[in-house]
Amino acid sequence: MALSTAPCGDASAPVKPTTPLISFLQRLQSAALSTLGPDGFDPKLYVDLPLKTDLAATEEAFARLPRPGGVIPVSDLDRFLGDYFGEAGSDLVHTEPEDFVAEPEGFLPKVENPKVRAWALEVHSLWKNLTRRVSDEVRRRPERHTLLPLPGPVVVPGSRFREVYYWDSYWTIRGLLASKMYDTAKSIVNNLISLIDIYGFALNGARTYYTNRSEPPLLSSMVFEIYKRTDDLAFVKKSLPSLLKEHSFWNSDIHKVIIQDLQGCKHSVSRYYAMWNKPRPETATIDVESASKLISASQKEIFYRQVASTAESGWDFSSRWMSNSSDLTTLATTSIIPVDLNAFIYKMELDIAFLAKLIEDNSTSEKFLAASKARQAAMKSIFWNPEMEQWLDYWLISKSNCEEIYKWEAHFQNHHIFASNFIPLWIETNNKDLCKDGTMVEKVLKSLQSSGLLHAAGIATSLSNTGQQWDFPNGWAPLQHMIVEGLANSGSEEAKSVAEDIAIRWIRTNYAAYTKTGAMHEKYDVETCGKIGGGGEYKPQTGFGWSNGVVLAFLEEFGWPRDREIDCQ
């Protein structure tokens, strides 16, 4: 039995072409690693550098650099970088968001504690620090930049993540909506729509080296949330064609898989599958090192596709995608049907049905309502595990990589516990259906409570401490938010109480870390209040757009009474 890695083998799967600039910057990245050594080395820096002059002249100058012993001296490398490149990120210009107000009218009305309110206003003010616009030079000389031009202001995650990222933007928007910054939220969506118009899907990020993959599809959720606050039908009408394109991207070709359940019903489900089989440019030196233990070129190409596909999942990296949690080369992401991806697409179908009905496109609305019901049936048939009372990822196991229809078998569900096993709670309509069976929410809640995921400072990503950043003991803002919001909207008072308790823990750990460091962080260690997360292939980052967004969204939903302590308990 073998894992399936492509519709008919990896060799037949698509690969997006690279650009001459990216190819050169990867050579520069490799040379810089030889010069500087691995300590503190960030390969992404080099593929983000904008050229000051034409590529041909830069390559000629690079070729002339002295290389005693095959290594460029530090002083010569520094001089070359200063002469031929701008600073990484300099092609994004700080801009003041036009809809920013220091204390918006009606801001977080449920937050009564003055200490918490003062901190929330500081978090709110961070939107100014993270707002950028793409410089005019990128449009004039696109061949000198890996940054992609975008039509409107952007909000970046922060630190090394100097550009727009796709799924981060959903939680950024949730925070912007709490901050009453509706125009900035719409600008983020319009930027993503511009990428769909050009590439046919929302890119992982707004760089030329991200054109081979997407990220978890949450654009419809962004449009839905903005409409709920603004009632802007023109915005909905403008957005809908792009949502239809995105749905097609995730439901055809390499992303689509057919699984036949035990009753003989065939379900169309989706997986992550990057259009790439080489080292990721932004981490090429790391990927090459990781692949060095593999012998053949074809093995390395398969591994590189798995790495890029895992990056498409947003969970890069986690034992969730590995057949051996201690060996990154056993990544098998294209052989896994992820429960959360299919939950996101289920929500996309519900959102499109709702949004299409708003603008009286009844045929589209009916089509996507039917699609959502089919996806809901798949969620129950393929992913739901009645013994564990969780939704589980499904692994594609087959005798041949050319199978067109996979037969469902219970033991191919991944029985390890991950926070993603509870993401279907987030889809509100699914919650209503769960509540028709009065005990269903209670079962899922008890499963979460006994899962081992709940800790002093929030929900752990997994139970395995592998050193990967999407594993224990790290907690991530998006996972806290989706599970908390799912519990809060379930109709169960007990579930809502648990949701509030998790949100309080998460707010406290963000506050404690902010008090110590003066920054919001990308991830946190859920075992200890105020402890910053670690692990992974880069240093822990600050900024951080989605952490801001989730804290503000939680404070908006649950508030903070005057007599509740904010300090770690």
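User: How much space lies in the largest pocket?

Analyst: This is a predicted model. A pocket is an open set of grid points, unlike a cavity, where the probe cannot get out. By that rule, the space in the largest pocket is about 660 Å³.

User: Which residues lie nearest the centre of the largest pocket?

Analyst: The lining of the largest pocket has 31 residues. Elements giving two or more residues to that lining are helix H9 (219–230), helix H13 (339–358), helix H14 (362–383), helix H15 (428–436), helix H17 (477–488) and H19. Nearest the centre lie Phe224, Lys228, Lys347, Glu428 and Asn489.

User: How many residues of the largest pocket's lining are charged?

Analyst: Asp, Glu, Lys and Arg count as charged. The lining of the largest pocket has 12 nonpolar and five polar residues. Its charged residues number 14.

User: Which residues lie nearest the centre of the largest cavity?

Analyst: The largest cavity has a lining of 24 residues. That lining divides into 10 nonpolar, four polar and 10 charged. Nearest the centre are Phe161, Tyr165, Glu215, Asp316 and Tyr538.

User: How many residues lining the second largest cavity are charged?

Analyst: The lining of the second largest cavity includes Lys16, Thr18, Tyr209, Asn212 and Trp276. By class, five are nonpolar and five polar. The charged count is one.

User: Is H19 largely enclosed or open, and how many of its residues are buried?

Analyst: Helix H19 covers residues 545–558 and has 14 residues. From first C-alpha to last, H19 reaches 20 Å, close to the 20 Å expected at 1.5 Å a residue. H19 is largely enclosed by the rest of the structure, because the number of its 14 residues that are buried is 13.

User: What phi does the residue just after H19 take?

Analyst: H19 ends at residue 558. Just after H19 comes Gly559. Its phi is positive, at about 70°.

User: Is His521 buried or exposed?

Analyst: His521 sits in the loop between helix H18 (493–517) and strand E16 (523–525). Beyond its neighbours within four places in sequence, His521 contacts Ala513, Ile532, Gln541, Thr542, Phe544 and Ser547. Its relative accessible area is 6%, and the cut-off is under 20%, so His521 is buried.

User: How far apart are the C-alpha atoms of Ser252 and His455?

Analyst: Ser252 lies in the loop between helix H10 (233–250) and strand E5 (256–260). Ser252 is partly exposed, with a relative accessible area of 22%. Along the chain, Ser252 and His455 are 203 residues apart. Their C-alpha atoms are separated by 39 Å.

User: Which residue in E4 is the bridge partner of Arg132?

Analyst: Strand E3 covers residues 131–134. E3 and E4 pair in the antiparallel sense over two bridges. In E4, the partner of Arg132 is Val154.

Notes
Residues are numbered from 1 along each chain as its sequence is written. This is a predicted model: local features need pLDDT of at least 70, side-chain atom pairs count only at pLDDT 80 or more; totals for chains, interfaces and linings use all residues. Side-chain values use heavy atoms; hydrogens and water are left out. On a 1 Å grid over the protein atoms alone, a cavity is a set of points where a 1.4 Å probe fits but cannot get out, and a pocket is an open set with protein on both sides within 12 Å along at least five of seven lines; lining residues have an atom within 4 Å of a point. Helices (H or I, at least four residues) and strands (E, at least two) are DSSP runs, numbered from the N terminus. Buried means under 20% relative accessible area, exposed over 50%, partly exposed in between (1.4 Å probe, protein chains only). Contact means heavy atoms within 4.5 Å. The expected span of a helix is 1.5 Å times one less than its number of residues. Two strands pair if DSSP finds at least two bridges between them. Grid points are joined across faces, edges and corners, and a volume is the space filled by probe spheres set on the points.
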